[in-house]
Amino acid sequence: MNRSRSPLAVVAMACLLAVVAALLGGPAAAADARPTAVVALGDSAASGDGAGDYEPGTRGENGDWCHRSPHAYINRTGLAQQSVNLACSGADSAAVAFGGSHNTEGSQAQRLIDVATRYQVTTVVLQVGANDDAALTATGIACIAAFLDTRRPPCRDTIGPLVGGRMAATASKVEAAVRDVREAMRRAGYADNGYQLVLLSYASPVSEHAVRAQALQGCPYNKADAAWGRTTLFPALSAALAGVAQRTGARFLDMVRATEGREACSHPLPSDEWQRRITVDPQALVHGGLDAVGFHLAQESFHPNAAAHAEMGRCLADFVRSPAQAASCVTGPDGHNRVEAAHPAPAAA
């Protein structure tokens, strides 16, 4: 005999099946309809300073010199439907962490919470430390000053003995920033294994393999100091950041050799290089007024250009898609960046 169920029983059974399916992750489970996103945090290397075409509002307007570029590597990965760049030129680890600020902008970790709520964030990239105790900009200025004033000892002699202590102090601050990035993602509802966290080091912008009379072509530093920077200073910071990644469970991509052979003044034509020489940008005065006078006029100097960011973005994407926990971006025989399964990779002699 065919018995018909009451309407109430049918509704109750449907509700029960829906609950069971949701718990099991079946078809009735709600899908995350948010667009996917990859997010960059950190300083000028991540913001795209040097790549040009900076977003309005980050070109010096009202004191904001973050120089976020649409050509920055985070926008060239193709890892997600959207790319979001929260990095800011000149930022240090404290600016990334909760409670920090830089160039009129608030904490990058705090803003990450909002981004991770609006989007389904698949990858967070952090490149920071250069403006902490590692003091890469100040070191570069010291090397230029030593070249221009022959009474001064080479910067490799004055700063070299300080590198170990500086990198240890930098690592401690970067590690604190990483903890806040993790916490920001937790507050947005993500488990630590629910996204990729990638920590990047920095590409050396200088090399001793330079054109003749490089000082007259925008690279006023001693070639021996440049060799020290390429083979000692930048690898030391990379090693410190690799240690942070290991201690925090982040993945690590060593970028020291990412522009190798195309550093500033390594070719007769700047257009063949991936790092900017000393660059003075008159547009800084247009957008930033008198605030641009001084450092901001030359802010782009010794930063990767748009061509470099395209290469680094592709290499970063290849690394994220790979199973490797750590690797290096290096320039291959074909002239393009590739992922090399070693970290931190030693600089070539």
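**Disulfides of a predicted chain: close-up views**

**View 1. A disulfide joins Cys66 to Cys88, S to S 1.9 Å.** A disulfide here is a pair of cysteine sulfur atoms within 2.5 Å. The model is predicted: local features need pLDDT of at least 70, side-chain atom pairs count only at pLDDT 80 or more, and totals for chains, interfaces and linings use all residues. Residues are numbered from 1 along each chain as its sequence is written, and side-chain values use heavy atoms, without hydrogens and water. The S-S torsion of Cys66 and Cys88 is about -80°, so this disulfide is left-handed. Cys66 sits in the loop between helix H2 (44–47) and strand S2 (82–85), and Cys88 in the loop between S2 and helix H3 (93–96), 22 residues apart. Helices (H or I, at least four residues) and strands (E, at least two) are DSSP runs, numbered from the N terminus. Cys66 is buried at 0% relative accessible area; Cys88 is buried at 1%. Buried means under 20% relative accessible area (1.4 Å probe, protein chains only).

**View 2. Cys143 and Cys155 form a disulfide, S to S 1.9 Å.** The link runs from helix H5 (residues 136–148), which holds Cys143, to helix H6 (residues 155–158), which holds Cys155. Both cysteines are buried. Their S-S torsion is about 85°, so the disulfide is right-handed.

**View 3. Cys219 and Cys265 are joined, with sulfur atoms 2.0 Å apart.** A torsion of about 95° makes this disulfide right-handed. Cys219 lies in the loop between strand S6 (196–200) and helix H8 (223–248), and Cys265 in the loop between strand S7 (251–254) and helix H9 (283–288), so the pair ties together parts 46 residues apart in sequence. Cys219 is buried at 0%, and Cys265 is buried at 0%.

Terms used
Buried < 20%, exposed > 50% of the residue type's maximum accessible area, 1.4 Å probe, protein only.
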